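Here's a walk through one model, written for someone who likes to have the coordinates open while reading. Take a look at the fold, then read on.

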Amino acid sequence: MEYARELEGLGGIYLVDTNQFGLEGYGAAYIVDAPVAAIVETGLSYSAPRILRALAELGLSPDEVGFILVSHVHLDHAGGAGPLAQACPNATVAAHERGAKHLVKPAYLVKSVRDATGPMFCHYGQAAPIPRERLLELEGGELFSLGEGFQIRAIATPGHAPHHLCFFEQKTRSLFTGDAAGIYWPEADRLLPTTPPPSFDLERSLESVQLLRALKPERLLYTHFGEHDRPAAMLQTYAKLLQDWVEEIRSLRKQLRGDGAVKQALLEEYGPFLEGLYDPQMVEHEITMNAQGVLQYLDRS
Ligand SMILES: [Zn+2]
């Protein structure tokens, strides 16, 4: 199979590389091949055709998709939901109640992405409105029974964004992390913080990571990127990483003059390491966006 990658031992959960920003191994969507099929995470709008091809490889008709679950409405997670909802007529799109309105009317969301991403905005695809009657608003705690024992629980995990959800598949104890557990770079076996504006919140993020640890998942399924089979260690590492990242930016701000200088210092420190992962424009984008989220958080706290 070219598009659907089987995850071993999970009996019907598949990874689809969404080819985010044209990169391999950076964005993932997942398909749960159950009597009621589900798509978890949808990539950017231009990822939808890849997910539809993966369904076809699995012998699943778009009619069989019952649920499209998105962790939050940032476009690299929910941008594909519009075109997938159009292609899958029986699917309900489920998102947190605080984010769902942005899927119905994406104008504000698009503006917020444009503000956060600057020159990278052109890589974020489109946002097609989703009809309100196709949406299910979640608050966390809801259970989706897909058949053959697959049951997915929505877990409210604010911090990266106030409307963030993780999804926990209870039969295989697989946790779809969205952006709540960081960006995992498999080739380097490294975790990176994901702390974008406008609403990153350190305390909420740390509480969410603790909540995820308490679920005792057997594996993490990162949206960025892929599977990891040591969840407790990875979640603990992420909590420490977040605290160190925020502390570093707090202290740079005290030493340096202006937020531009803080970002420049971070770019000099982390840029060379990240160049193996991204092209230089992407490196600058990732570092300055995640720094900006922390700076805005520090302004509020
Ligand atoms: Zn996000």
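What follows covers the metal site, the sheet beside it and a loop elsewhere in the chain.

First, the ground rules: this is a predicted model, with local features needing pLDDT of at least 70 and side-chain atom pairs counting only at pLDDT 80 or more, while totals for chains, interfaces and linings use all residues. Residues are numbered from 1 along each chain as its sequence is written, and side-chain values use heavy atoms, with hydrogens and water left out.

**The zinc site**

Let's begin with the metal. His 72 (NE2), His 74 (ND1), His 160 (NE2) and Asp 179 (OD) coordinate the zinc ion at 2.1 to 2.4 Å. Donors here are N, O and S atoms within 2.8 Å of the metal (3.2 Å for Na, K and Ca), and since water is not among the atoms, sites may look incomplete. Along the chain, the donors follow the spacing H-x1-H-x85-H-x18-D. His 74, in the loop between β5 and α2, and His 160, in the loop between β9 (150-156) and β10 (165-169), are 86 residues apart, so this pair links distant parts of the chain. Helices (H or I, at least four residues) and strands (E, at least two) are DSSP runs, numbered from the N terminus.

How is the arrangement of the four donor atoms around the zinc ion classed? It is irregular, because the angles run from 83 to 178°.

His 72 sits in the loop between β5 (65-69) and α2 (75-78). Its side chain makes several polar contacts (pairs of N or O atoms within 3.5 Å; within protein, one must be able to donate a hydrogen and the other to accept it, and residues adjacent in sequence count only if both atoms are side-chain atoms). Here they are:

| Side chain | Partner side chain | Polar contact |
|---|---|---|
| His 72 | His 74 | 3.0 Å |
| His 72 | His 160 | 3.3 Å |
| His 72 | Asp 179 | 3.3 Å |

Contact in general means heavy atoms within 4.5 Å. Setting aside neighbours within four places in sequence, His 72 is in contact with His 77, Ala 78, His 160, Ala 161, His 163, His 164 and Asp 179. His 72 and Ala 100 are 28 residues apart in sequence, yet their C-alpha atoms are 8.7 Å apart in space.

As for burial, the cut-offs are under 20% relative accessible area for buried and over 50% for exposed, with partly exposed in between (1.4 Å probe, protein chains only). His 72 has 0% relative accessibility and so counts as buried. His 160 is buried at 5%, and His 74 is buried too, at 17%.

**The sheet**

Now for the strands. Seven of them make an open, mixed sheet in the order β1-β2-β3-β4-β5-β6-β7. At its edges are β1 (4-6) and β7, each with a single partner strand, so one side of each has no neighbour in the sheet. From one strand to the next, the twist averages 25°.

Strands count as paired if DSSP finds at least two bridges between them. β4 (residues 37-40) and β5 run parallel, joined by four bridges, and Ile 39 has Ile 68 in β5 as its bridge partner. β5 and β6 are also parallel, over three bridges, with Phe 67 opposite Thr 92 in β6. β6 then pairs in the parallel sense with β7 (residues 135-138) over four bridges, where Val 93 is partnered by Leu 135.

Strand β6 (residues 92-96) is largely enclosed by the rest of the structure, because four of its five residues are buried. Helix α4 (residues 97-104) lies across β6 and β7, at about 130° to β6 (axes are lines fitted to C-alpha atoms, for helices over the stretch in contact, with angles from 0 to 180 degrees between N-to-C directions).

**Another loop**

Is Asp 229 buried or exposed? At 59% relative accessibility, Asp 229 counts as exposed. Asp 229 lies in the loop between β15 (226-228) and α7 (231-255), and touches Glu 218 and Arg 219, leaving out residues up to four places away in sequence.

Conventions: Tetrahedral: all angles 85-135°; square planar, octahedral: opposite > 155°, others 65-115°.
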